[in-house]
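User: I would like to learn how to read strand pairing and helix packing in a model. Please take me through an example.

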Amino acid sequence: MSRQTTIPLRERNIILIGFMGAGKTTIGQLVAKKLYRDFIDVDAEIERRHGMSIPEMFAQKGEAYFRQVERELIVDLCTNTRLKILSLGGGAYLQEDVRRACLAHGIVFFLDLSWEHWKEERLPLIVDSRPVLKNKTLEEVEQLFFQRQSAYALHHSRVVLNELEAEQAAEQIVESIKWTWDVYEPNR
Ligand code: S3P
């Protein structure tokens with residue numbers, strides 16, 4: 001684990017990244033409960049602050065505006081908060097400023113799901129609610145899925161979700177984080 005800031009590991013935000021619909025929000029809420037921390041879903045926070053849904057923001061203001069809002073919020077949360085569990089929208093981590101802030105100040109977990117699992121189990125649940133999926137063929141969505149993997153590869157730790165229930169994934173994250181704390185900061 002690289003030490004790019006002086007924030008103690010035990011106080012750093014835990015940040016969940018991964019493709020849309022992977023389960024970042026559900027798993028993030030479970031992790032927050034287990035560690036007695038606050039959970040912030042970045043998309044929900046944007047919706048709350050701007051008084052509109054993400055699809056409305058895409059439709060009324062455009063994707064570029066959403067990406068700017070998303071970037072500014074995440075960089076702010078990474079820089080100015082501690083002890084949170086953050087779940088990022090699936091496209092946020094494509095922005096270099098977001099990656100840099102997350103990796104420097106937080107502990108980044110990539111929630112990894114195979115294309116086959118995602119296509120069978122997740123796509124049907126989210127296809128109507130994600131503007132990025134609108135008007136795309138399955139081939140185009142598959143392309144997007146694989147294009148994004150190189151950004152997601154820049155993480156501190158990875159959990160493969162394919163055969164896991166959300167509860168099991170959250171437990172793995174908590175075990176991994178406690179192990180990291182004990183190894184790198186044994187006396188805190
Ligand atoms: C997006 C993913 C969404 C949301 C927005 C754009 C993306 O979040 O931020 O619709 O570009 O992948 P989830 O990952 O929670 O679906």
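Analyst: We go through the sheet, then the helices. This is a predicted model: local features need pLDDT of at least 70, side-chain atom pairs count only at pLDDT 80 or more, and totals for chains, interfaces and linings use all residues. Residues are numbered from 1 along each chain as its sequence is written, and side-chain values use heavy atoms, without hydrogens and water.

User: In what order do the five strands form the open sheet?

Analyst: Strands are DSSP runs (E, at least two residues), numbered from the N terminus. Two of them pair if DSSP finds at least two bridges between them. Here the order is β2-β3-β1-β4-β5, with parallel pairing. β2 (38–41) and β5 (157–160) are the edge strands, each pairing on one side only. From one strand to the next, the twist averages 20 degrees.

User: How many bridges join β1 and β3?

Analyst: Three bridges link β1 (residues 14–17) to β3 (residues 84–87), in the parallel sense. I14 has I85 as its bridge partner in β3.

User: At what angle do α3 and α4 pack?

Analyst: Helices are DSSP runs of H or I, at least four residues. Axes are lines fitted to C-alpha atoms, for helices over the stretch in contact; angles run from 0 to 180 degrees between N-to-C directions. α3 (residues 54–61) packs against α4 (residues 63–80) at about 125 degrees, with axes 7 Å apart.

User: Which residues of α3 and α4 meet?

Analyst: Contact means heavy atoms within 4.5 Å. I54, M57, F58 and K61 of α3 meet E63, Y65, F66 and R67 of α4.
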